[in-house]
Every structure is written in structure tokens, then in C-alpha cells.
Amino acid sequence: MSHTTHEAAIIAEHEAWMSKYGRTYANEAEKNKRFKIFKENFEYIHNFNNAGNKTYKLSINKYSDLTHDEFVASRTGYKVPGNVAPTSSPLSARSIAEVTDVIANAPTSWNWTEKGAVTPVKDQGGCAVAAMEGITKIKTGVLLPLSEQQVLDCSGNQQGCNGGYLNEAFNYIIWNKGLTMECYYPYTGRQGTCDPVKQAAVVAKISNYGLVPQYNEQELLKAVWIQPIMVGIEVSGDFVYYSSGVFTGYCGTSINHAVAVVGYGTSQDGIDYWLVKNSWGPDWGERGYIRMQRNVAAPAGLCGIAIWPLYPIV
């Protein structure tokens, strides 16, 4: 393919991408700037997938006209809490006796989505809310879609899973004595003014939250078998364009994003993984989820997944 033909093909891809995601630009200069970024990302993803030497694939998505720094600035920003101590309370779904030998007795795979304890993925959704929905379902038998919008509007955290302190949402839920239903305080995906009447109509609550023993993926597995767990990770590199497979790419441990771990398993290729619910909409990754490599050499886990695992206590 000639350079001219190659360039024309990417221009067509960009135009189709703009149409798909409803993207418009203020002027031709901005469009040209964004096209150059799109082209660089497009070519990187194309070459990565063609190499075929990784356990995961990448794809163009709604963030493909952003530089990495722009993406990190707009979609991440979580900070680790400075005042959470590991709790001595057992995880609340099962007795401590039941989890003593969990590594030997736990199933080789577990998926809370298959147990009906996980609500659909949203864009800008609440990772703390996902963990709370899970334990509420486990304790009551009913999956209550709780209001992520309430947390966005009323907690002081304006960025959902993309900013603030990891424990901020749990602190708010405890202070407010619970959350209302999503149907009563519906999701818009952007921060608005807190509605005090809706905020008061709580249907589910937590009494506290705990910290899973840190830097230990085996302890995290115990916790995930018992209930969905909120964790902090570092988003960098290939993570942004993840499409499918088990993610084994490079990332550090500077926590900047929060997600919910809702299961674990082993791929057909024999790679252990965590099943992670993200908050970037169902069109990202595997229907909004990512499988991240489990049992890596570093105690922090891939992308720091084992550093700050938090769970709600009913």
C-alpha cells in the first residue's frame, strides 16, 4: 500500500470513528491535531495486534484521539487513602471458619456476574457502588441497582471511579446511612446538584468498610470469593485500548483509578486472571470488563491491584 493510499485509509477510519462516537471539532486546526493523534494510536494498535505475540488484543475506542497524558488527566486521578487501617473483622458473607482454608477449597474460578450480584457496566459508574450492590445481593438475595448518581452528586467526589480518594464513596455512604435506588435517583453520568429528598430515601446501607491484607493476591482471592472488592490500579500504556484476552501489559503501581474485582479464573492458555468491572461503559474491553493477569511475581499485583483492596461491611 502506498503512503497516499495508507493515509487515505486512516482518514476514512477517522471519519467513521467521528461518526460512531459523535465527535466534532471546533475548527480544522483542531481536527488536524486530533487526526494526527488518532493516526498514531491507530497505527500502534494495528501493529500490536498484527504482531500476535501477546495474550491480549487492543482496539480503537472512544479515547483514540487523545494522547496518553490527556487521557490520564481526564479519566483517572484516584488517590490512595491515608487513614484506612486493615480491619480484623472477617469478611461479612461467610464465617471466618469457612474462609480459613479458602485457597485449598475455593473453586478454581468464580464470577459474581454469573451469580447475579453485579449490575450492568456504565460510563463513569461507581466502583464502590458495585461492591455495595454485590454484598447487598449476597446478604439479602436481591440485586438492588443502587444510585451511582447519588454518589456523584452528593459525596463531593465529582469523578466517579476516575478521581478522589479510594475510600471517599464508602465514607459518604456510611455518613448518609445508605443509598437509594437507581430508578429513583437515575444515572446521568455527570456530576450535578445533590437532591436531598432523593438522598434521604435509602434502601441499602453499610456499617463500615475494611481493607483486605495488602500486597497479597492470595488474600485478595479469599476476599473476591466472598464478595466483590473495590481496588485501586494504575492505568497506563496498553490498558486504555484493551479489547480482549488476558491483560499482561506493562503498568506501574501509582494508583490513579478504581475498579471492582468481581471474579477470577484461568484462561484457556493457562493464565490466571482477575475479572474486573471497569467504569468506561460497555463498549470498552470485554463488554466493559477486563481480565487482568493474576499471580504475578510482584506482591503488589499487576497494576497495583493488591495494594488497596477495600470491601463494604453490611
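Counting as a disulfide any pair of cysteine sulfur atoms within 2.5 Å, two disulfides are found in the protein. The structure is a predicted model, in which local features need pLDDT of at least 70 and side-chain atom pairs count only at pLDDT 80 or more, while totals for chains, interfaces and linings use all residues. Residues are numbered from 1 along each chain as its sequence is written, and side-chain values use heavy atoms, with hydrogens and water left out.

With buried taken as under 20% relative accessible area, exposed as over 50% and partly exposed as in between (1.4 Å probe, protein chains only), Cys 154 is buried at 15%, whereas Cys 194 is partly exposed at 25%.

The disulfide between Cys 251 and Cys 303 has an S to S distance of 1.9 Å and is left-handed, with -90° about the S-S bond. Cys 251 lies in the loop between strand 7 and strand 8 (257-266) and Cys 303 in the loop between strand 10 and strand 11, so that this link ties together parts 52 residues apart in sequence. Both Cys 251 and Cys 303 are buried, while Cys 183 is exposed, with a relative accessible area of 67%.

Strand 7 (residues 242-247) pairs with strand 1 (residues 56-58) in the antiparallel sense over three bridges, where two strands are said to pair if DSSP finds at least two bridges between them. Within this pairing, Tyr 242 is the bridge partner of Leu 58. Strand 7 also runs parallel to strand 10 (residues 289-293), to which two bridges join it, and here Val 246 stands opposite Arg 291.

In helix 8 (residues 168-176), the buried residues are Ala 169, Phe 170, Tyr 172, Ile 173 and Asn 176. Seen down the helix axis, these residues fall within an arc of 160°, and they therefore line one face of helix 8; the arc is that of the directions from the helix axis to the C-beta atoms. Just after helix 8, Lys 177 takes a positive phi of about 65°.

Technical notes:
Helix = DSSP H or I, 4+ residues; strand = E, 2+ residues; numbered from the N terminus.
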